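My notes follow in the order I took them.

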Amino acid sequence: MLTPGPEKQGVLAKVGLPEDQEPELLSLRPELLKEYIGQAEVVETLKIAIQAAKQRREPLDHILFHGPPGLGKTTLAHIIANEMQSSLTVTSGPALEKGGDLIGILTHLGEGDVLFVDEIHRTPKTVEEFLYPAMEDFAVDFVFDKGIHARSHRFNLQRFSLVGATTRVGLLSAPLRDRFGIFRSLDFYSENDLVKIAKRSASLLGVRMDDGGARELSRRSRGTPRIINRLLKRVRDYAEVKGDGCIDRKVVDAALTLEGVDGKGLTDLDRRYLKTIIEFYNGGPVGIEAISATLQEESDTLVDVVEPYLLKTGFVLRTSAGRKASAAAYRHLKMPRQAGLF
Ligand code: ADE
C-alpha cells in the first residue's frame, strides 16, 4: 500500500519555511526513530502508533507537535514519513494563501502519504476550513457559482496523514485542534541528551571533540538541537583556524564568546531583552508590546524564539501584570538591583 518516494516540495512549499536548511545541517538530522535522541515519551508514542497503523494497513492518525523552534518538529515529520515508507509533502500555514493552494497539494497526495504543515497556526481561516473535511472524511468540497446557483461537489482524497507543527498551540482554533488524534508537546532537551546529540553530529561531520567540549557546547545551546548543530559548525571553524582542529572546552568557550553566546547560552538578543526589562521598566512587570517597541523587535519573535528559554531557565517570570526579570537575571547580567524590588 505504502511505497517509498521522494519528498515532494513544490514552489509553494518553500515559502515561509525556516531558513536554517543548509544541506550540511539537514544531513545531521536523524532519519529513523531509533536514531532519535531525547523526547523519549514522544518517540515511544510514535513507535506504537506507527507499528499499529502498519499492522492495520491504515494511514497514521493526524499528529500535532507543539513547542519552541528547533526542538525537532520538522525532523519528526521526516522520520514519520520514512518509518511509514511514504512520501512527505512539506508546506507551511503562511504559504497556503488561498483554498486552491491547499486543494492542489491535497489532491496530489497518495494513499498513506504525509503532509507536513509547519506553523499551522498561521493558516488563513478560509484555507483552514478546507482542512476539516480533508482531515475527517478525506474529502474536499468544491463550491461552484454563487448565491442561488451555488452547487457543491465533493472530491474524495487518498487517505493521508497530516502532521502539523506550531510554536503557539493557543492560537489554534478548537475545530482544528480537535481533529488531531495525536497531540504532543516537545520540550527543551536535557544536557545529557544534548551531549549525545553533539557527539553524534561531530562524528557525522568528522570533527574531533572531547567530553569537555561536548558538555560546554551543550550547556550553551539553549536546550535546542538546532542551535547545537549550528554552533558546532562555528566551533569547528574556530578549532580549524585557531587550533589543531580538535574541539575541547577552551575552544568552545573562545569560539562561542566570539559569537556573543555567553556561559548560559544567552545571545545578544536575550541579553538586550532582559536589560530592557531591567533598565527601562525597573525589572517589570511590563507587557510584551512595550518590550517589543523599546527593543524594536517583532513581539512574535520575542514570544516564540526568545521567551521560551528565558522562562524555562527562570530568568524571566510571567505574571498576570506582565513580564518580570528574576533575581537570577540580575545576577547573571551582573546588574545591581534596586532596594525593595525583591
Ligand atoms: N540532530 C538534531 N536533533 C537530533 C535528535 N533529537 N537526535 C539525534 N540527532 C539529532
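**Notebook: helices, strands and turns**

I started with helix 5, residues 99-106, and found Asp101 in it. I keep in mind that this is a predicted model. Is Asp101 buried or exposed? Asp101 has a relative accessible area of 12%. The cut-off for buried is under 20%, so I log Asp101 as buried. I then looked for a partner for its side chain. A polar atom of the Asp101 side chain lies 2.9 Å from the backbone nitrogen of Glu97.

**Strand 1**

Next I took strand 1, residues 63-66. Ile63 and Phe65 point one way, while Leu64 and His66 point the other way. I noted that all of these are buried. Which strands does strand 1 pair with? I found 4 bridges from strand 1 to strand 6, residues 161-166, and the two run parallel. His66 has Thr166 as its bridge partner in strand 6. I found another 4 bridges from strand 1 to strand 7, residues 182-185, again running parallel. There, Leu64 has Phe183 as its bridge partner.

**Strands 4 and 5**

I moved on to an antiparallel pair. Strand 4 (residues 139-144) and strand 5 (residues 151-156) are joined by 6 bridges. The hairpin has 6 residues between the strands. Among them I checked Asp145, which takes a positive phi near 60°.

I then searched for ring pairs. The structure holds 4 aromatic pairs. One of them is Phe142 with Phe155, an edge-to-face pair at 6.2 Å centre to centre with 80° between the planes. Phe142 lies in strand 4 and Phe155 in strand 5, so this pair ties together parts that are 13 residues apart in sequence. Phe142 is partly exposed at 26% relative accessibility. Phe155 is partly exposed too, with a relative accessible area of 36%.

I also wrote down Phe280 and Tyr281, a tilted aromatic pair at 6.4 Å centre to centre with 40° between the planes. Phe280 counts as exposed at 57% relative accessibility. Tyr281 counts as partly exposed at 27%.

**Helix 8**

Does the length of helix 8 agree or disagree with its residue count? Helix 8 covers residues 191-205, which is 15 residues. At 1.5 Å a residue I expect a span of 21 Å, and the end C-alpha atoms are 21 Å apart, so the two agree. I listed its buried residues: Asp193, Leu194, Val195, Ile197, Ala198, Ser201, Ala202 and Leu205. An α-helix has 3.6 residues a turn, so residues three or four places apart point the same way. After helix 8 comes Gly206, with a positive phi near 70°.

**Helix 14**

I ran the length check on helix 14, residues 299-312. Its 14 residues should span 20 Å at 1.5 Å a residue. The end C-alpha atoms are 18 Å apart, which agrees. Where does helix 14 bend? I found a bend of about 45° at Val306, and Pro308 follows within four residues.

Last, I went through the loops. Most residues other than glycine have a negative phi, and most peptide bonds are trans. I logged these exceptions.

- Gly284 and Pro285 are joined by a cis peptide bond, with omega about 5°. Pro285 sits in the loop between helix 12 and helix 13.
- Glu119 is not a glycine, yet has a positive phi of about 45°. I placed Glu119 in the loop between strand 3 (114-118) and helix 6 (125-137).
- Gln296 is a residue other than glycine with a positive phi, near 60°. Gln296 is in the loop between helix 13 and helix 14. I found Gln296 exposed, at 70% relative accessibility.

Key
Residues are numbered from 1 along each chain as its sequence is written. Side-chain values use heavy atoms; hydrogens and water are left out. Two strands pair if DSSP finds at least two bridges between them. Buried means under 20% relative accessible area, exposed over 50%, partly exposed in between (1.4 Å probe, protein chains only). A polar contact is a pair of N or O atoms within 3.5 Å; within protein, one must be able to donate a hydrogen and the other to accept it, and residues adjacent in sequence count only if both atoms are side-chain atoms. The expected span of a helix is 1.5 Å times one less than its number of residues. The bend at a residue is the angle between axes fitted to the seven residues ending there and the seven starting there. Rings of Phe, Tyr and Trp (its six-membered ring) pair if their centres lie within 6.5 Å; planes under 30 degrees apart count as stacked, over 60 as edge-to-face and the rest as tilted.
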